[in-house]
Amino acid sequence: MTSSGLIENVTILMKILDEILLIKLAEQAKTSSRKRTHYNFHPSLEDSTQRLCVVIEPGSYIRPHRHSNPAKWELFFALKGSALILIFDSSGKVINRQIISGTGPAHAAEIPENAWHTLTALESGTVLFEIKPGPYAPPSPDEFATWAPEEGTAEAQKIE
């Protein structure tokens with residue numbers, strides 16, 4: 001350690017989101033049964049801030065859900081393509097909609113705590129960067145909207 005407190009001769013690795021990684025992720029999303037994939041920037045699921053790149057294709061169905069246990073917000077930045085974010089009331093009525101796009105005019109949107117929401121890609125190769133409080137907790141059944149079909153069901157395929 002130097003007198004300034006800096007560590008010398010230590011390799012500090014950065015995670016980089018470059019075109020090579022985006023191409024790889026886009027290929028994975030296109031061939032995935034869920035039509036999406038992600039790449040974590042956070043080192044573990046226990047990290048206090050979850051940071052991930054999400055690549056999503058049109059037709060990927062994300063069942064409307066909320067983050068209530070514990071209550072968490074989510075922030076999405078569009079890096080490429082565009083996505084439609086929907087916010088619902090407790091009965092499933094759309095109460096807010098926002099398109100975010102890598103070219104604007106809106107580039108990002110934050111979903112408030114406990115808000116029922118979903119999103120869908122409007123363009124092939126849509127890339128979003130997601131940030132939310134951690135640690136990761138698998139969603140409990142009550143965090144999925146009962147008024148929306150379960151992922152993988154015949155009803156959900158009609159929505160895709």
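Strands β4 (residues 82-88) and β5 (residues 94-101) run antiparallel and are joined by seven bridges. The model is predicted: local features need pLDDT of at least 70, side-chain atom pairs count only at pLDDT 80 or more, and totals for chains, interfaces and linings use all residues. Residues are numbered from 1 along each chain as its sequence is written, and side-chain values use heavy atoms, with hydrogens and water left out. Helices (H or I, at least four residues) and strands (E, at least two) are DSSP runs numbered from the N terminus; two strands pair if DSSP finds at least two bridges between them.

**Hairpin of β4 and β5**
- Leucine 84 has isoleucine 99 in β5 as its bridge partner.
- Five residues lie between the strands of this hairpin, where glycine 92 takes a positive phi near 100°.

**Open sheet**
- Five strands, in the order β1-β2-β8-β3-β6, form an open sheet with antiparallel pairing.
- β1 and β6 (108-111) stand at the edges with a single partner strand each, so one side of each has no neighbour in the sheet.
- Eight bridges join β2 (residues 49-56) to β8 (residues 126-133), and lysine 132 in β8 is the bridge partner of glutamine 50.

**Arginine 36**
- Arginine 36 is in strand β1 (residues 36-40).
- Its relative accessible area is 16%, so arginine 36 is buried (under 20%; exposed is over 50%, partly exposed in between; 1.4 Å probe, protein chains only).
- A polar atom of the arginine 36 side chain lies 3.2 Å from the backbone oxygen of tyrosine 61.
- Beyond its neighbours within four places in sequence, arginine 36 is in contact (heavy atoms within 4.5 Å) with residues including Ala29, Val55 and Glu151.

Conventions:
Polar contact = N/O pair within 3.5 Å; in protein donor to acceptor, adjacent residues only side chain to side chain.
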